[in-house]
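Q: Please take me through how to read a nonpolar core and a helix pair in a model.

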Amino acid sequence: MCDDIVTPKGALICEHCRQKLPYIREPVCKCCGKEIRRREQEYCCDCQRVLHIYTEGRALFAYNEIMQRSVSAFKYKNRQEYARLYGREMAKAFGRQLRRWDAEVLIPVPVHKSRYRKRGYNQAELLADNIAEHVDLPVDSRLLIRTKRTAAQKALSTKERVKNLQDAFQVRKSVVQYKRIILVDDIYTTGSTADACAEVLKEGGAEQVYLLCLCIGSGF
């Protein structure tokens, strides 16, 4: 974002920056929500190759250079206020989708406690909290925990990402009290993180695990 003073008062983003936001447009993959070229294609090339554990996902923005800078500031430069805009826009864009999924709770993808101590917050939790302000869903930030500090996913191949996330998540209780869950995360690449989270949630008793992401890449 440009960091200029936003007008009118109360606005979360200036009109110049809003026009640059790369909103995902239909048609999209019926699995991950990534843009596809033809509606009759139904699934993107990635989801045609991989049988995901999560049920279905949607993302708000394409992960281009603009969003790389914005998300980097959000995650690493303490721009926590960005979550207000992101959460509002996600709730507005996916309100109908949320009603169709009929989920019971929003669960942010957790960060490892060492990263939380260093950063001071979990960006996915901020997103979930701000989405919840606009929809009739609670947030449970304690059920799912990250037990292993993993390497940065962006530097790894698809196979390496899956291996990197093995045994990285667990649930605090032996039985998950929710049947239909929406995971919330900032960036979707291959879906390895979503699948790793969905796997332990389903093992605990969840039946459907959906996914809402701020950004999604164009292909990995």
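Q: Which residues touch the most other members in the largest nonpolar core?
A: In soluble globular proteins, nonpolar side chains tend to be buried together. Here the largest nonpolar core has 37 residues, of which F61, I182 and L214 touch the most other members. Such a core joins buried Ala, Val, Leu, Ile, Met, Phe, Trp, Tyr and Cys residues through side-chain atoms within 4.5 Å, buried being under 20% relative accessible area with a 1.4 Å probe, protein chains only. At least two residues of this core come from each of β1 (56-62), α3 (65-76), α4, α6, β5 (180-188) and β6 (208-216); α4 gives the most, nine. Helices (H or I, at least four residues) and strands (E, at least two) are DSSP runs numbered from the N terminus.
This is a predicted model, with local features needing pLDDT of at least 70 and side-chain atom pairs pLDDT 80 or more, while totals for chains, interfaces and linings use all residues. Residues are numbered from 1 along each chain as its sequence is written, and side-chain values use heavy atoms, without hydrogens and water.

Q: How are helices α4 and α6 packed?
A: Two packed helices are described by the angle between their axes and the distance between the axes. Helix α4 (residues 82-101) packs on helix α6 (residues 123-132) at about 55°, the axes being 8 Å apart. Axes are lines fitted to C-alpha atoms over the stretch in contact, with angles from 0 to 180 degrees between N-to-C directions.

Q: Which residues of α4 and α6 meet?
A: In α4, A83, R84, Y86, G87, M90 and A91 meet L126, L127, N130 and I131 of α6, contact meaning heavy atoms within 4.5 Å.

Note on methods: Buried < 20%, exposed > 50% of the residue type's maximum accessible area, 1.4 Å probe, protein only.
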